[in-house]
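Welcome! Take a moment to turn the picture around before reading on.

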Amino acid sequence: MQVAVIGGGVIGVCTAYFLADAGHEVALIERCGNVAEQSSFGNAGIVAPAYAIPWASPGMPGKFLSYLFKDIAPAQIKPRLEPALWRWISQWITECDLQRFRTNQQRMQNLANYSRDVLHQLREREQLDYEQTRGFLQLFRTERDIALIEPLLQLAADKGNALALLDAETTRAIEPALSRDTPLAGGLYFPDDETGNCSLFTKQMKQAAQAIGVTCHFSAEVKTISPHNRRVDLQLDDNEFTADAVVVAAGADSAQLLAPLGIQVPLYPVKGYSATASIKDFEQAPKSAIMDEAYKVTVARMGNRIRIAGLAELGSRDAELREAALRTLIKVGEDWFPNAANYGNAQFWCGARPMLPDGPPLIGATSVSNVYINIGHGPTGWSMAAGSAKLVADIVSGTAPAIDVDGLGLERYRR
């Protein structure tokens with residue numbers, strides 16, 4: 001079967017790979033000049049199933065209100081007269097219900113754990129090296145930060161996955177380079193979680209996909225999708241492309257491609273930031289990755305560089321590098337690893353993370369014959385990329401998926 005995959009980020013490239021591996025004739029269509037030039041380019045570099053947690057959680061609406069009065073905050077809303085924004089926020093608030101949160105978290109973590117297993121298989125099979133490291137530390141500056149995550153710790157314990165909260169000295173022993181000048185109340189350590197260079201991984205996966213027959217069409221933007229006589233016609237910039245099926249994995253642009261087909265998805269672009277700085281003292285640099293819980297900012301080792309990433313802006317559709325956001329990233333880097341990198345020469349990035357109000361992505365078939373989706377992974381895109389791609393390839397091929405996909409399809413919005 002001829003299958004077109006729209007989108008050259010980590011999700012789309014992995015999808016193309018697994019479809020070709022399943023025996024399909026695959027074309028990858030990307031509007032940029034290469035893969036991984038948008039969200040996958042500035043990715044935080046974290047592959048952490050343990051941290052695949054819905055944004056919509058109990059207490060989050062109150063936190064958002066408190067952020068409105070702070071210059072430096074993990075998340076901000078830029079109010080604008082945009083109905084889609086306020087519909088998204090309304091749905092998000094509904095999903096902050098405790099039972100909904102439990103359900104969404106279970107779906108996300110099941111997928112992320114499966115995806116990590118698939119990633120390991122890929123890495124061994126294709127002999128990939130994308131500057132990966134192991135281990136992920138969640139850091140708490142104050143006792144109040146610890147108190148705020150107590151409900152999540154209790155949820156984990158209720159599921160039989162009790163997490164041991166580490167004291168400050170034990171946490172520092174795991175990551176010796178942590179500055180002693182920054183207050184540290186404790187931490188959580190996830191030894192099986194990983195970091196790595198998402199952009200490099202995606203480019204290596206492109207090569208692996210091409211080696212098994214995937215053809216890539218770059219600088220080609222899909223304008224419309226039109227099902228026709230059991231096939232699907234794609235209108236590109238200056239020509240047409242026809243396939244037996246199409247998988248939409250176009251990130252934040254997916255909703256506008258799907259809407260003319262009558263497929264409505266509550267997908268909204270949430271702006272995020274990252275900074276990348278070269279390491280100047282490797283003994284003072286992190287061994288793997290940390291998450292500063294107070295600022296929701298990660299610091300990850302990527303070869304001879306450090307990637308600092310995080311923050312979220314709702315309602316900000318521009319590409320402006322907001323100074324306050326950049327200062328926050330550098331502050332977190334300097335707080336924990338002050339002598340590790342050349343922060344003054346850091347390269348900054350911002351881009352859109354395609355997010356759904358409840359958290360889990362949308363994977364699989366749609367109401368339109370031969371049109372499939374792999375969208376809405378938000379900030380956990382790389383954590384879920386390999387697994388999501390394999391599931392979509394199985395669904396397109398008529399093969400039973402390896403894990404339960406209930407609640408990962410469009411049907412959850414029709415219930």
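In what sense do strand β9 and β10 pair, and over how many bridges? Strand β9 (residues 231-235) pairs with β10 in the antiparallel sense, over four bridges. Two strands count as paired if DSSP finds at least two bridges between them. The names come from DSSP too: helices (H or I, at least four residues) and strands (E, at least two) are runs numbered from the N terminus.

Before we go further, a word on the source: this is a predicted model, in which local features need pLDDT of at least 70 and side-chain atom pairs count only at pLDDT 80 or more, while totals for chains, interfaces and linings use all residues. Residues are numbered from 1 along each chain as its sequence is written, and side-chain values use heavy atoms, with hydrogens and water left out.

**The sheets**

Another open sheet has six strands, in the order β7-β2-β1-β11-β18-β17, and its pairing is mixed. Its edge strands are β7 (215-217) and β17 (362-365), and each of these pairs on one side only. Here the twist averages 20° from one strand to the next. Look at the β17 end: β17 and strand β18 (residues 371-375) are antiparallel, with four bridges, and the bridge partner of G364 is I373 in β18. The loop between β17 and β18 holds N370, whose phi is near 70°, a positive value in a residue other than glycine. Most residues other than glycine have a negative phi.

E131 is another case to find. Its phi is near 65°, also positive in a residue other than glycine, and E131 sits in the loop between α4 and β5 (133-140). E131 is partly exposed, with a relative accessible area of 25%; buried means under 20%, exposed over 50%, and partly exposed in between (1.4 Å probe, protein chains only).

Now follow β5 to its partner. β5 and β13 run parallel and are joined by four bridges, with L137 opposite I290 in β13. Strand β13 (residues 289-292) is covered on both faces: A289 and M291 on one side, and I290 and D292 on the other, are all buried. In a regular strand the side chains alternate between the two faces of the sheet. β13 also has four bridges to strand β14 (residues 297-302), this time antiparallel, and M291 has T298 in β14 as its bridge partner. β13 and β14 form a hairpin with four residues between them, and K296 in the turn has a positive phi of about 55°.

**The helices**

Helix α1 (residues 10-21) lies across β1 (2-6), β2 (25-29), β11 (245-248) and β18, and runs at about 170° to β2. Two helix pairs are set out here. Axes are lines fitted to C-alpha atoms, for helices over the stretch in contact, and angles run from 0 to 180 degrees between N-to-C directions.

| Helix pair | Angle | Axes |
|---|---|---|
| α4 (residues 98-126) and α11 (residues 381-397) | about 85° | 6 Å apart |
| α1 and α4 | roughly 70° | within 14 Å |

How are α1 and α4 set relative to each other? They are roughly perpendicular, a label given to angles of 65 to 115 degrees. α4 and α11 are likewise roughly perpendicular to each other. Contact means heavy atoms within 4.5 Å, and the contact of α4 with α11 includes M108 and L111 of α4 and S383 and M384 of α11. The contact of α1 with α4 is made by Y17, F18 and D21 of α1 and V118, L122, R125 and E126 of α4.

**A buried serine**

Finally, find S254 in helix α9 (residues 254-258). S254 is buried, with a relative accessible area of 0%. Leaving aside its neighbours within four places in sequence, S254 is in contact with V248, A249, L267 and I375.

Notes
Angles under 35 degrees count as roughly parallel, over 145 as roughly antiparallel, 65 to 115 as roughly perpendicular and the rest as oblique.
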